[in-house]
Amino acid sequence: MGWPGVIEAYRDFLPVSSRTPVITLLEGNTPLVPSTRLGPHLGLRLFFKVEGANPTGSFKDRGMTVAVSRALERGARGVLCASTGNTAASAAAYAARARLPCLVLLPAEGVAVGKLAQVAAHGARLVLVQAGFDAAMAAVRALAAELAVAVVNSLNPDRLAGQQTAAFELCEALEGAPDVVVLPVGNAGNITAYWQGFRAFQAAGRIATLPRMVGVQAEGAAPLVRGEAVPQPETVASAIRIGHPVSWDGARRAVAESGGQVLAVSDGAILQAQRALAEEEGLLVEPASAAAYAGVERLAVSGLARGSLVVCVLTGHGLKDPDVLRRGVALPEPVAPDLDTLRQVLTRHLA
């Protein structure tokens with residue numbers, strides 16, 4: 001029958017029972033792609049966990065299948081989230097599958113058009129808020145109980161339980177834990193969930209050692225690096241443009257217990273990393289994902305041991321944010337369609 005989705009694949013590790021109606025789009029089982037150029041250049045055994053291969057194009061689907069299944073089991077009137085885009089797209093898709101209303105609060109500015117299109121296509125009820133993500137999240141927390149809806153942001157433990165399955169997949173593919181896991185940090189739920197997953201696999205006797213967890217934030221939206229909330233976060237990486245992460249404590253615990261760190265990279269480094277992944281490895285990712293690879297480069301320069309086994313988590317597909325991709329593309333002038341002209345142009349490009 002093939003891959004069954006993360007709930008059936010890892011049921012024993014998840015908060016579900018025989019009574020839980022499983023809402024799935026067969027998420028998970030995403031590729032772990034070995035680096036052929038960037039890793040060897042850095043002296044690392046580097047792998048990319050390509051989470052953009054999930055059904056809605058981001059890692060959020062792992063947690064959403066569990067969160068929406070549990071919401072349906074509990075009789076919620078609908079689901080509610082605040083989002084910078086990916087959570088909204090995933091919630092809208094899984095709610096549509098479950099035939100539940102989906103309410104989404106998005107910042108009025110700065111949400112990538114690809115994500116807005118997904119949310120609208122799945123029929124979610126969209127509310128644009130004249131404020132950033134953090135204000136939208138505060139409203140969600142205040143109104144959820146009154147509206148009798150399930151919040152499907154990463155403060156929901158069901159979301160984190162589902163997202164930990166990526167750590168399980170890494171360990172199974174590598175036959176053990178990597179030395180280091182590097183991933184972008186916005187609301188900080190994913191780094192929290194990965195660490196939860198590694199700890200669960202170790203407790204079950206499935207792995208002997210644990211990896212170092214390294215979170216990467218954008219310099220303009222780096223509350224964990226600064227040690228304080230950022231009132232007006234700014235970065236080209238809209239998915240991690242969050243100034244006060246909901247899972248702040250979980251992220252700090254993951255870093256502290258694993259001997260890891262959180263670092264910040266510039267928007268310039270993020271865009272350069274995005275180009276490198278596309279041109280050198282054939283991996284098209286959104287800027288937030290590219291931040292993780294920019295972090296890998298920083299680690300390699302700062303003394304990460306050569307030959308280290310490193311997994312870089314690429315959280316979302318590049319087509320999530322087409323506007324950023326278009327900024328770096330200068331289209332050539334059209335040429336005449338005759339064969340002589342085309343031959344000359346094509347030959348020049350092969351030189």
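Among contacts in the protein between residues at least 6 apart in sequence, what percentage join residues at least 24 apart?

Reply: The model is a predicted one. Of the contacts between residues at least 6 apart in sequence, 72% join residues at least 24 apart.

The protein has 15 helices and 10 strands. Its radius of gyration is 20 Å, close to the 20 Å that the globule rule gives for 351 residues, so the protein is as compact as a globular protein of that length. Along the principal axes, the C-alpha atoms fill a box of roughly 65 × 50 × 45 Å. Of the 351 residues, 54% are buried, where buried means under 20% relative accessible area. The accessible surface comes to about 15,400 Å², and carbon and sulfur atoms account for 53% of that surface.

Now the pocket itself. Rolling a probe the size of a water molecule over the atoms shows where empty space is left. The largest pocket has a volume of about 420 Å³. Its lining consists of 22 residues. Those nearest the centre of the pocket are Pro107, Ala131, Gly132, Phe133 and Arg241. By type, the lining residues divide into 11 nonpolar, 7 polar and 4 charged. Helix H6, which spans residues 133–147, gives the most to this lining, with 3 residues.

Technical notes:
Residues numbered from 1 in each chain as written. Predicted model: local features only at pLDDT ≥ 70, side-chain atom pairs only at ≥ 80, totals over all residues. Heavy atoms only, no water. 1 Å grid on protein atoms, 1.4 Å probe; cavity = no way out; pocket = protein on both sides within 12 Å on 5 of 7 lines; lining within 4 Å. Points joined across faces, edges and corners; volume = space filled by probe spheres on them. Helix = DSSP H or I, 4+ residues; strand = E, 2+ residues; numbered from the N terminus. Nonpolar A, V, L, I, M, F, W, Y, C, P; charged D, E, K, R; others polar. Rg over C-alpha atoms; globule rule 2.2 N^0.38 Å. Buried < 20%, exposed > 50% of the residue type's maximum accessible area, 1.4 Å probe, protein only. Contact = heavy atoms within 4.5 Å. Areas by Shrake-Rupley, 256 points an atom, 1.4 Å probe, with all protein chains shown as cover.
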